[in-house]
Amino acid sequence: MADIATIAERVDSAMLNAGAIEQLAEPLSMEEAYAVQAASMQRRYARGERRIGIKMGFTSRAKMIQMGLDEMIWGRLTDAMLVEDGGSIDFGRFVHPRVEPEIAFILKDPLPATVTLAAALLAVGGVAPALEIIDSRYQNFRFSLTDVVADNSSSSALVIGPWADPSTNLSNLGMILEIDGEPKQIGSSAAILGNPIRSLVAAARLAAAAGEPLQAGDVVMAGGATAAEALSPGQHVRLQVQKIGRAEFRVK
Ligand code: OOG
Ligand code: MG
């Protein structure tokens, strides 16, 4: 039996110290990996962080191919991870941060485990361009599926642009991730499960199965539409999403 609390302490300390750790040697089941994630998040909540929603991972082929994994995963988001749109992140607080272009949802109503796409859409209060800063706590950003789940699916920080009209059709919106004014990744919201709203439906199912059903006010990050880009100090990162707007931040 894996010692859930010990492993949770290991990934949590790696995050706090911004120091990489080795991949977990213990063979974990998927259930154990999520138990480690939950236990590491309890440590963060005990330090005063508040859960604000969840993030989905590996919802696009581009992300699955980049990381060599092909199963959808999820992680918890807290208020401490939120970076103001137009604000900055401190490179030194991270191990080896990367950024990826996403779409965020904010809910105005709770979502049960099973919802149709139409019902999920009705619960959405706003959609926004979003940048996720992922930072695996494992050396060289290499991990197995259970490793990354235990590490809160590499959640690290996020920037959400202004909330836009929730009735915007998200099925095929151009997304451009620019670094220092240069387009680095160009994609479409269609890369996210054909339509990011499907990621929200999956999020509702997974969160409810974990005993934490999505609530009004929760933020859901739909997952990267393209491969992630490595960050370095001094960069200015901007995401532009057709019809819904932009989000940006700087790396200090
Ligand atoms: C795992 C997290 C994946 C996404 O949007 O697909 C993810 C990772 O790539 O480190 O956040
Ligand atoms: Mg992501």
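For the charges here, Lys and Arg count as positive and Asp and Glu as negative, with His and the chain ends not counted. Each charge is placed at NZ of Lys, CZ of Arg, CG of Asp or CD of Glu. On that basis the protein carries 23 positive and 29 negative charges, and their mean positions are 3 Å apart.

A word on the model: it is predicted, with local features needing pLDDT of at least 70 and side-chain atom pairs pLDDT 80 or more, while totals for chains, interfaces and linings use all residues. Residues are numbered from 1 along each chain as its sequence is written, chains are lettered from A and ligands numbered from 1 in the order written, and side-chain values use heavy atoms, leaving out hydrogens and water.

Now the fold. You'll find 6 helices and 13 strands, taken as DSSP runs (H or I, at least four residues; E, at least two) numbered from the N terminus. The radius of gyration, over C-alpha atoms, is 17 Å, close to the 18 Å from the globule rule (2.2 Å times the number of residues to the power 0.38) for 252 residues, so the protein is as compact as a globular protein of that length.

Buried here means under 20% relative accessible area with a 1.4 Å probe, protein chains only, and contact means heavy atoms within 4.5 Å.

| Share | Value |
|---|---|
| Buried residues, of 252 | 55% |
| Contacts between residues 24 or more positions apart, of those with a separation of 6 or more | 76% |

Finally, a hairpin. Strands E8 (residues 174-179) and E9 (residues 182-188) run antiparallel, joined by 6 bridges; strands pair if DSSP finds at least two. Isoleucine 179 has glutamate 182 in E9 as its bridge partner. Between the strands sit 2 residues, and aspartate 180 takes a positive phi near 50°.

Conventions:
Buried < 20%, exposed > 50% of the residue type's maximum accessible area, 1.4 Å probe, protein only.
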